[in-house]
Amino acid sequence: MFTEPEIITTDDLSVRSYVKFYYNNVRYREYSGKRLGKPIYPNRAKTLTERNKALRKLRLEILTALENDGFLEPVIVKTPIKPIKNEPTTDELLKQAINKKQATNLTPKYKESLKTTYDQFIKFLSVDELNSPIDDITPARIEEFLMIFNCSNTYYMSKRTELNVLFNVVSKLLNRQLYSAKGTERRRLKANLHIPFEQTRLKQLLAYLKVNHFNLYLGCLITYGTFLRPHKEVRLLTIGHFRKDFTEIHLSGTENKSGKVRVVFVADYIRDEIVSKFSGLPEDTNIFSLHRIPHNQYYFNTAWTRVWADATIKLKKNETIYSFRHSAAVHVYRKTKDLHLLQQLLGHSDMIVTLKYLRGLGEMDIEHLKHAMPEL
């Protein structure tokens, strides 16, 4: 009595591949044809094509031997792989993983997205799979799930990444590496940039927003003038964050992405807009809601979507609220050519992040580096 042999492999040659099957209710993992007396060694292959060909040959030889009662169990007794005592099921492990991530200091939006992927994957798996060891969930099975989100490479990779996060947590819980999610196909992503504005376009948009949506105007102005990130750092600003007569903004480590205390200078053009409006209000007053409770996390996005409805300003596809922060970065770099200064203004953890940031905005191309090339 046996099950159909199944190839277990990944796109990583450093990870050993094998053929898995059950024979007389014992699970086997065959990494070569040694047991059958066949010189088949998939894991010695130098390329994926060569290894996959050897794996298919090994699978065929095993199937033939099983069908003809030629599997060499009487000669070489296979020691069953001992299951880990009381190891939780797939369902239990994934539930522990999502609960662990939900308890961390991640953004609410990311935690919501992670929970959605978890719910979708649990619904996709069968009852038998949920109650089986998580090792039985193969890369091929996970790819079946990911193909549901095949409408774009970005959507596919987003789900793949989030599933990898959960499997990584499970790996830590079991204290051993799982390759199921990592073994799935990767897709090349095309960067979706928030394009920066030139000064004329910048002033045009700010003038429009000031008349039509003052809160959005103020949020974009602060994003541009302080380099703070709009959807969390700017949206959650209270009167108490402004210090020294509204000339500085002070954020604690839990209030900004870097996780460190951050102090930013408030330019005069921002201060002129807020001093008369907010002076005298309690320190816990949010500057956009004018209450202790801030607007929800989608407030600026919703407001920006409504701005799109006005054809007079002709917003382009990748012109977003983040474009104001990116515009400020480009303008400062063009003005100073000082990467260290820009890194401090953006609140980046290191210079590499700033370099990638500028390169993504099209500022670090070959033309900018020509003058620095060595001469002979």
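Angles under 35 degrees count as roughly parallel, those over 145 as roughly antiparallel, those from 65 to 115 as roughly perpendicular, and the rest as oblique. The model is a predicted one, in which local features need pLDDT of at least 70, side-chain atom pairs count only at pLDDT 80 or more, and totals for chains, interfaces and linings use all residues. Residues are numbered from 1 along each chain as its sequence is written, and side-chain values use heavy atoms, with hydrogens and water left out.

**Exercise 1.** Determine how α12 and α13 are oriented to each other.

Step 1. Helix α12 spans residues 322-336 and helix α13 residues 339-346; helices are DSSP runs of H or I with at least four residues, numbered from the N terminus.

Step 2. The two pack at about 155°, with axes 9 Å apart. Axes are lines fitted to C-alpha atoms over the stretch in contact, and angles run from 0 to 180 degrees between N-to-C directions.

Step 3. Therefore α12 and α13 are roughly antiparallel.

**Exercise 2.** Identify the residues by which α12 and α13 meet.

Step 1. On α12 these are R325, A329, V332, Y333 and T336; on α13 they are L339, L341, L342, L345 and L346. Contact means heavy atoms within 4.5 Å.

Step 2. Eight of the contact residues are nonpolar, one is polar and one is charged.

How values were computed
Ala, Val, Leu, Ile, Met, Phe, Trp, Tyr, Cys and Pro count as nonpolar, Asp, Glu, Lys and Arg as charged, and the others, Gly among them, as polar.
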